[in-house]
Amino acid sequence: EEEGAFDESDDDGELDGVEDEEEGGEDVKTESVKKRKRSEIQRDAKNAIPYILECPADGEAFQELIDQYAKNATDVGTLIARIRTCTAVPLNPHVNKGKLHNFYDALMHRMVACGDAVAETHLDASVSHGPDPAEEMDILVGVLFEMTKGLNDVVGSLWRRTL
């Protein structure tokens, strides 16, 4: 080689600086993707349905939970299941039976509201928003049936009042 000649390649045969720019560009892209995924995970975690939920005292409190956590009828079912688990009668019979009685009442009113929404949707297709009321009704019927088994001594009055 001539003395003073300029060698444009390093040991691996790549041009100096070119590989670094490409890797640097990919690193920036990769870091950007990682940040975006991290923020999505944080947002999803923030909006995820908690495993421990206080039993709502009334329909308004339950509606707030639905507005905050439920994107669809399956999410509503998950909310209900977690509330029932946290408020199981064997955990605290004297307190939880009363809470579940009130929750049952809220679920019955929710079912009536879903029925009304289904009727409105059939009349006006632009009404749909939130969880699908027909799917939610299917879930509520099953939940109310299951809950009736454990609260059979008190639900008759709720049904009479609702009907």
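Buried means under 20% relative accessible area, exposed over 50% and partly exposed in between, with a 1.4 Å probe and protein chains only. Helices are DSSP runs of H or I of at least four residues, numbered from the N terminus. The model is predicted: local features need pLDDT of at least 70, side-chain atom pairs count only at pLDDT 80 or more, and totals for chains, interfaces and linings use all residues. Residues are numbered from 1 along each chain as its sequence is written, and side-chain values use heavy atoms, with hydrogens and water left out.

View 1. Phe62, Leu65, Ile66 and Tyr69 of H2 are buried. Because they cover an arc of only 100 degrees around the axis, they lie on the same side of H2; the arc is that of the directions from the helix axis to the C-beta atoms. The face turned away from this buried side carries the exposed residues Glu60, Glu64 and Asp67. At the N-terminal end, Asp58 caps H2, with a side-chain oxygen 3.2 Å from the backbone nitrogen of Glu60.

**View 2. The aromatic pair Phe62 and Phe103.** Rings of Phe, Tyr and Trp (its six-membered ring) pair if their centres lie within 6.5 Å; planes under 30 degrees apart count as stacked, over 60 as edge-to-face and the rest as tilted. The count by this rule is one aromatic pair. Phe62 and Phe103 form this edge-to-face pair, at 5.4 Å centre to centre and 85 degrees between the planes. Phe62 lies in H2 (residues 59-69) and Phe103 in H4 (residues 93-123), so the pair ties together parts 41 residues apart in sequence. Both residues are buried.

**View 3. The largest nonpolar core.** Such a core is a set of buried Ala, Val, Leu, Ile, Met, Phe, Trp, Tyr and Cys residues joined through side-chain atoms within 4.5 Å. The largest has 26 residues, and among those with the most contacts inside it are Phe62, Phe103 and Met147. H2, H3 (73-86), H4, H5 (133-150) and H6 (155-162) each supply at least two of its residues. H4 gives the largest share, seven residues.

**View 4. Thr87 between H3 and H4.** Thr87 is found in the loop between H3 and H4 and is buried, with a relative accessible area of 3%. Leaving out residues up to four places away in sequence, Thr87 touches Cys55, Asn96, Lys99 and Leu100, contact being heavy atoms within 4.5 Å.

Methods
A polar contact is a pair of N or O atoms within 3.5 Å; within protein, one must be able to donate a hydrogen and the other to accept it, and residues adjacent in sequence count only if both atoms are side-chain atoms.
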